[in-house]
Amino acid sequence: MNPKATPLKQLSLRRYWALAAFFTLFQKGLAPADATDTIDQTDDDEPDQGRIRCPLCQWQPDSGSSWACGDCAHPEYFFGGCGAVWNTFDTRGLCPGCGHQWRWTACLSCGGWSQHEDWYAKNDE
């Protein structure tokens, strides 16, 4: 048996598990297509942040939307995810498990990645 094959196989299994976990979480966070228009647009808990929405498709997450801290190649290039699951907008992208500051956020609707700060619509938009 090749001694180099075992670490490579473990790495592949770890990446597979991370991708499967992200896919599952993204599917759980998706709102039904007919409910996307009913998201509360008047949430002014933090008026200085403005409205939160995907810069690519304009989807708006609700309080039940959740993301996971896991290994991420492109575009974040972070390989030390702790597996914490939380609403990334509750902490402005800061992982409550390991303290990693996420600079990029994936949309649970369109699947595209955008810089986290770009999700916060300016009050004049």
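Author: Let us begin with a term that will be needed throughout. A residue is called buried when its relative accessible area is under 20%, exposed when that value is over 50%, and partly exposed in between. In this predicted model, Phe78 is buried, and so is Trp102.

Reader: How many residues, as a percentage, reach a pLDDT of 70 or more?

Author: The pLDDT is the predictor's confidence in each residue, from 0 to 100. Here 58% of the residues reach 70 or more, and the mean for the protein is 75. Over residues 28-49 the pLDDT is below 50, and this stretch has 17 contacts in the model beyond near neighbours in sequence.

Reader: How is a pair of aromatic rings described?

Author: Such a pair is described by the distance of the centres and the angle of the planes. The structure holds four aromatic pairs. One of them joins Phe78 and Trp102, with 5.4 Å from centre to centre and 80 degrees between the planes, an edge-to-face arrangement. This pair links distant parts of the chain: Phe78 is in the loop between β1 and β2, Trp102 is in the loop between β2 and β3, and they are 24 residues apart.

Reader: Why is the pair of Phe89 and Tyr120 called edge-to-face?

Author: Planes over 60 degrees apart count as edge-to-face. The planes of Phe89 and Tyr120 stand at 80 degrees, with the ring centres 5.8 Å apart, so the pair belongs to that class. Phe89 is in the loop between β2 and β3, whereas Tyr120 is in the segment after β4, 31 residues away. Phe89 counts as buried because its relative accessibility is 7%. Tyr120 is buried as well, with a relative accessible area of 3%. Ring pairs also link Trp67, Phe89, Trp119 and Tyr120 into a cluster.

Reader: Which residue lies over the face of Tyr120?

Author: That residue is Arg92, at 3.9 Å from the ring centre.

Reader: How many salt bridges does the structure hold, and what is the general idea behind them?

Author: Side chains of opposite charge can pair when their charged atoms come close. The structure holds two salt bridges. In one, the side chains of Glu76 and Arg103 meet at 3.8 Å, N to O. Glu76 is in the loop between β1 (67-68) and β2 (85-86), and Arg103 is in the loop between β2 and β3 (104-106), 27 residues apart. Glu76 is buried, with a relative accessible area of 2%.

Glu117 forms a salt bridge with Arg92, the closest N and O atoms being 2.9 Å apart. Here too the pair links distant parts of the chain, with Glu117 in the segment after β4 and Arg92 in the loop between β2 and β3, 25 residues apart. Glu117 counts as partly exposed because its relative accessibility is 41%; Arg92, at 30%, also counts as partly exposed.

Reader: Is His116 buried or exposed, and which residues does His116 touch?

Author: His116 lies in the segment after β4 (113-115). With a relative accessible area of 2%, His116 is buried. Not counting residues up to four places away in sequence, His116 touches Thr88, Phe89, Arg92, Gly93, Trp102, Arg103, Trp104 and Thr105. Its side chain makes a polar contact with the side chain of Thr105, at 2.7 Å. The C-alpha atoms of His116 and Trp102 are separated by 7.2 Å, although these residues are 14 apart along the chain.

Methods:
Residues numbered from 1 in each chain as written. Heavy atoms only, no water. Contact = heavy atoms within 4.5 Å. Helix = DSSP H or I, 4+ residues; strand = E, 2+ residues; numbered from the N terminus. Buried < 20%, exposed > 50% of the residue type's maximum accessible area, 1.4 Å probe, protein only. Polar contact = N/O pair within 3.5 Å; in protein donor to acceptor, adjacent residues only side chain to side chain. Salt bridge = Lys/Arg side-chain N within 4 Å of Asp/Glu carboxyl O. Phe/Tyr/Trp six-rings, centres within 6.5 Å; stacked < 30°, edge-to-face > 60°. Lys NZ or Arg CZ within 6 Å of the ring centre and 35° of its normal.
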